[in-house]
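Colleague: I am new to this structure and would like to learn how to read it. Could we go through it feature by feature?

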Protein chains: 2
Amino acid sequence: MSENRIVKTAFIGLGARGVPTLKLLCSLEGVLVTAVCDKYEDRVQNGIDAVKEVAGNIPFGTQDYKEVLAREDVEAVVICTDWNTHIPIAIAAMEAGKQTAMEVCGAYSIDECYDLVKAYERTGIHCMFLENGCYHEHRLALYHMVKQGVFGELIHMEGAYAHDLRSEIGHGLENRHYRFRNFQRRDGDLYPTHDVGPIAKMLDINRGNRMVALSSFSSKARGMHEYMVANYGPDHEYAKINWNQGDVVTTMIKCANGETICLLHDDSLPRVYSREFKVQGTKGLYVDYGKWEDQRLFLEEDPAKPVEEVWRDFSAEFRDKYQHPLWRKVKRENMLGGAHGPIDELVLRAFIESVQRGIAPPIDTYDGATWMALTALSEQSVAMGGAVVPIPDFTRGQWIDREPAPRSIYALDDICYELFDEQDVVPCKPYED
Amino acid sequence: MSENRIVKTAFIGLGARGVPTLKLLCSLEGVLVTAVCDKYEDRVQNGIDAVKEVAGNIPFGTQDYKEVLAREDVEAVVICTDWNTHIPIAIAAMEAGKQTAMEVCGAYSIDECYDLVKAYERTGIHCMFLENGCYHEHRLALYHMVKQGVFGELIHMEGAYAHDLRSEIGHGLENRHYRFRNFQRRDGDLYPTHDVGPIAKMLDINRGNRMVALSSFSSKARGMHEYMVANYGPDHEYAKINWNQGDVVTTMIKCANGETICLLHDDSLPRVYSREFKVQGTKGLYVDYGKWEDQRLFLEEDPAKPVEEVWRDFSAEFRDKYQHPLWRKVKRENMLGGAHGPIDELVLRAFIESVQRGIAPPIDTYDGATWMALTALSEQSVAMGGAVVPIPDFTRGQWIDREPAPRSIYALDDICYELFDEQDVVPCKPYED
């Protein structure tokens, strides 16, 4: 297959996240969006308009995703629907022989994660999990450092989805947003994949390592109630909602190779957006409270010599040194990307590249199933007062010997190719700033 | 009793922590050290010399703590021995009718924590737990803010004992330091009280709230082995030690009133010393990675208005505003304190004040038992793969209605008294900088 051919792609799910992602997809070289779909009629029209605006063509539009999957002019499908329809639509797409990509979410049950994996194993078609967090500039720099051994052997990792989403949750009914209902009924780490995705890639989860068990503790729920009282008044029906979702859910994970991970889900209190990311190994550690200037690094140069215990400014001293080649490319090409900047573009390009080249995507079905499953497992653990629950091995033992993901331009592995085709792979020189 | 009278005090345990603390104690107004004790003869002499040097008198010296407890010229006892003799000596001191204070450590069993509490209940003599972390400038400022409602209702707290102690652990045998053996045999949060102490005080633990359950996960152990290889060579006997203690132990705690706490024990990897303290409530949060300049604050002014999500520099903007009255006093009086600065002096003064005035100390037997017990519970949880274990209620139900600790100059409560005696209590005006 040629890596430059056009991939005829359908886009399913045209809400607040869908339309900007669709526009970005339309703008990419090698993509022709031939069909759009949403269960709401108004949104189907928004999707058609978006494609027309960006790419000039008028795609097929429908409220029934099965019509999309039946079309011959659809080779690949991007799914951006609500959380609880991601997996059934993905499985249907794989069964229909369409190369599939799915926006992120957490799973509602372990069984549906197994179903997703079985659909891949039955059809041979991967479902790429569009975890843009893996492509974040800071996390890719850290991945680059981890793979070069800068931190030594990894010991402990932390990450958070720490994001004040009260206005999104609180106005969710008007927006048809699923967090509004999910936060009322569920209690657990509802959205772990942005933090655990990059961590899992650094720890080689599903390729020589795996997550084996977790425990989740959930705090009381106060944030949404106080928000509703302040914004709608104490007598409004919204002020009378009982919110089950604890404001802060903490999850600890143990890995087969002995590393620990601590995740936070923290969406319903006032705060500064932050990933609270930590990478800790035998040679040093990195901590992060948000922007470049909130990142600190400590590296030990020689364990036989005493060192001065001083945080170093990651941004000023190390940003350029450890910039991932993909991000050098982003800056060289002035890539603007989508709603979340170039990370959306990188993750979509990775999907399209894998379709063009007929290779497994860098974030594959096993990755998606494993990361999504953490939500259902976290809910189980919280429901049992923090009881430890085992994390399934969705690879059924393959993780022990699985090879690294295929090399490609948009893979996470930091092999920056100036030229790339199947015959002639030439790693480029590091980018000169 | 007069609050200015001299308290005749004995000091037991004269190691690397003991002697500087003894010197500090000798220097305090209202204290006469009449006896010193250590199981090693050389240290007894060091103790006698220290008292003579600082205070001028020559105290009784012995290797047998029972001789100290039998003396009539000893009213109070400060215990600074190795971890596993704190509680038995404290109980013996209480039984002998001596007002007792004990340096910090974690417990080896739950039973010994109950024994400590029962000794108090039988004798009426408290054992003050000398947790200097409660008196730290930053933590007292936060306590002050919490009690003024700055953070709203507390939801989630974090703290760490994150301290590169490899050289101390690694040279422990020569130093007779207990960490050397403890790290080889145990696995859990061996030293939680510096972080959980201030958190427990902010959350009113044992006075209207309590910690009900915990789960601990321990990482692999690599740091000490790598340190030994680097410092002694791969063939040295120290390089062949099997270390059981995981490099990073993460502990989650749930409280009766719904708050969650996450603690880290991280002593055997290269790092910058940090408390990684977090206070998160319904109105904002504080995060800390070490020094004043590494502290960030976010406060929501009005939940009905959108706010700019920007960390504010705690040091520059809030340090003076929220300085605790005790620390205004420290700075006014240019208090220099002991090995860890004024915090050692504040905690010792609090003990002496409670003896002089015949009142319960600000950190009492129930507090000490509860905080120390976390170590034994963490070991149990780690041993069972992170299983949730219940945290005993050492107050046996009293926590529901217990009154706040008595007001005193060196209590944590921020009532700064210019003048203080039992008849005439006059809260002072806030200190004018």
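**Reading the model**

Modeller: A:F151 is buried, with a relative accessibility of 0%; buried means under 20% relative accessible area, exposed over 50%, and partly exposed in between, with a 1.4 Å probe and protein chains only. This is a predicted model, in which local features need pLDDT of at least 70 and side-chain atom pairs count only at pLDDT 80 or more, while totals for chains, interfaces and linings use all residues. Residues are numbered from 1 along each chain as its sequence is written, chains are lettered from A and ligands numbered from 1 in the order in which they are written, and side-chain values use heavy atoms, with hydrogens and water left out.

Colleague: Where in chain A is A:F151, and which residues does A:F151 touch?

Modeller: Helices (H or I, at least four residues) and strands (E, at least two) are DSSP runs, numbered from the N terminus. A:F151 lies in the loop between helix 6 (137-147) and strand 7 (154-162) of chain A. Contact means heavy atoms within 4.5 Å. Not counting residues up to four places away in sequence, A:F151 touches residues including A:L142, A:M145, A:V279, A:Y286 and A:L299.

Colleague: How is the interface between chain B and chain A described?

Modeller: The size of an interface is often given as the accessible area lost when the parts come together. Buried area is that loss (1.4 Å probe) for two parts, summed over both. Chain B and chain A bury about 5000 Å² between them, with 59% of it on carbon and sulfur atoms. In this interface, 62 residues of chain B are in contact with 62 residues of chain A.

Colleague: How many salt bridges are there between chain B and chain A?

Modeller: A salt bridge is a side-chain nitrogen of Lys or Arg within 4 Å of a carboxyl oxygen of Asp or Glu. Between chain B and chain A the count is twelve. One of the pairs is B:E153 with A:K220, at 2.9 Å from N to O. On the side of chain B that touches chain A, the residues divide into 26 nonpolar, 17 polar and 19 charged. Here Ala, Val, Leu, Ile, Met, Phe, Trp, Tyr, Cys and Pro count as nonpolar, Asp, Glu, Lys and Arg as charged, and the others, Gly among them, as polar.

Colleague: What does B:E309 reach with its side chain?

Modeller: A polar contact is a pair of N or O atoms within 3.5 Å; within protein, one must be able to donate a hydrogen and the other to accept it, and residues adjacent in sequence count only if both atoms are side-chain atoms. The side chain of B:E309 reaches the backbone nitrogen of A:Y273 at 2.8 Å. B:E309 is in the loop between strand 13 and strand 14 (312-313) of chain B, and at 27% relative accessibility B:E309 counts as partly exposed. Leaving aside neighbours within four places in sequence, the contacts of B:E309 include A:D164, A:R271 and B:F298.

Colleague: Is B:T34 buried or exposed?

Modeller: B:T34 has 9% relative accessibility and counts as buried. B:T34 belongs to strand 2 (residues 31-37) of chain B. Not counting residues up to four places away in sequence, B:T34 touches B:K8, B:T9, B:P59, B:F60, B:D73 and B:V74.
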